[in-house]
Amino acid sequence: MGTWNADIFGNDLALDLKSGFREYIIDGKTPHEARLLLQKDFSIDANIEPREAHEFWLALSAIQHELGRLEEEVKQKSITIIDGGENIQDWAELGASPENLKKRKMVLLKLKETLLSSQPPAKQLKKPPQSITPYQIGDVMYYRHTNGKYYLFVVYQHSKGKNSLNAYMHLLDAVFYSKEQFINRKLDKIPLRHIQSDKTKRSNFLVGHWYGRLYNRLVKDDRIGLAGTYKLKKPRMRRKILGYKFYTSTLGKKCDKDCPVVFDTFETIEKHL
C-alpha cells in the first residue's frame with residue numbers, strides 16, 4: 001500500500017476505495033450494497049492485513065459521510081479504530097516519523113469529529129465523462145507544439161477502464177515544421193526516440209482526457225490528428241518499447257520494463273517535448 005501523506009485519502013487503498021464507492025453509488029447501489037461489494041473487492045473478510053482493514057474502514061466512513069450516506073455500522077467501526085489507536089500503531093510499525101504520527105493523530109481526531117456531526121443530505125452523483133481515444137494500436141498521432149513544431153506519437157497499447165480507453169504512446173525520433181513533411185510518408189521508417197538521462201523529458205506516455213474543452217480546442221485548431229500508421233513488429237517491437245529506460249515526471253527516478261508511465265494530459269505532454 002503506497003502512502004504519500006497523512007490525510008485519510010493519502011494512500012492508494014483509500015483513494016481506490018473512494019473511487020469504487022462513488023462508482024457503485026452511480027451504478028444505483030445502496031450504501032450497504034456498495035460496502036459489501038467493496039469488502040469483497042478489497043478482501044476485507046479474507047486474509048487482509050489488519051492495517052489495511054483499518055485504512056479501509058476509516059476511508060469508507062469518510063467518503064460515506066462526505067456523500068451523505070454514512071452507515072451506523074461503518075461509523076462505529078471507524079470510531080473504534082480511532083479510539084483504540086490501532087491506526088497510529090500501524091503507522092508507527094511502518095516507521096512513520098514523530099512528525100507524521102502527530103499529523104495522522106490530528107487527521108483521525110478531525111475525522112471522528114466529522115463522523116459524530118450531522119451528515120449532509122445525500123449528494124446526487126453524475127457519471128464521469130467517457131475518455132475514449134479515437135486512435136487504434138499502430139496509429140500515429142501528430143501533435144503541434146505551441147512552438148509550431150510537429151511531434152509524432154505511435155499508439156502501442158490501450159489502457160481500458162470502466163469509462164475510459166486511453167492510449168500508451170511512444171514518441172518518434174523526428175521533428176517536423178509542417179504537416180506536408182510527414183503526411184503520406186512511411187512513418188514506420190522513423191525510429192523510436194530513446195531518452196535515458198534527462199529527468200525533464202520522457203519518450204513514453206499514457207494519454208487520457210480525450211474529452212473536454214482542451215481536447216476539443218486542440219482538435220478544432222488542428223493541433224492534434226491522425227498522421228498515418230506505424231507497423232509494430234509484435235512482440236519484438238513492444239518489448240523494445242517497454243524495455244526502454246525513461247524517467248517519470250513525478251517520481252524522478254529511472255524506470256525499466258514494467259515501470260508504470262505517468263498519466264498524462266495534453267498539457268503535461270508539451271512540457272516533455
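In this predicted model, strand β2 pairs with strand β3 (residues 150-160) in the antiparallel sense, and five bridges hold the pairing. Within that pairing, tyrosine 142 is placed opposite leucine 152 of β3. The hairpin that β2 and β3 form leaves five residues between the strands, and in this hairpin glycine 148 adopts a positive phi near 95°.

Strand β2 also pairs with strand β6 (residues 224-229), again running antiparallel and joined by five bridges, and here methionine 141 stands opposite leucine 226 of β6. The two pairings of β2 are set out below.

Strand β2 itself, which spans residues 139-144, is mostly covered, with five of its six residues buried.

Asparagine 166 lies in strand β4, which covers residues 164-176, and asparagine 166 counts as buried because its relative accessibility is 6%, where the cut-off is under 20%. The side chain of asparagine 166 makes a polar contact with the side chain of serine 131 at 2.9 Å.

For the chain as a whole, there are nine helices and nine strands, and buried residues make up 44% of the 273 residues. Of the contacts with a separation of 6 or more, 65% come from residues 24 or more positions apart. The accessible surface of the chain is about 15100 Å², and carbon and sulfur atoms account for 49% of that surface.

Notes: Residues numbered from 1 in each chain as written. Predicted model: local features only at pLDDT ≥ 70, side-chain atom pairs only at ≥ 80, totals over all residues. Heavy atoms only, no water. Helix = DSSP H or I, 4+ residues; strand = E, 2+ residues; numbered from the N terminus. Buried < 20%, exposed > 50% of the residue type's maximum accessible area, 1.4 Å probe, protein only. Polar contact = N/O pair within 3.5 Å; in protein donor to acceptor, adjacent residues only side chain to side chain. Pairing = 2+ DSSP bridges. Contact = heavy atoms within 4.5 Å. Areas by Shrake-Rupley, 256 points an atom, 1.4 Å probe, with all protein chains shown as cover.
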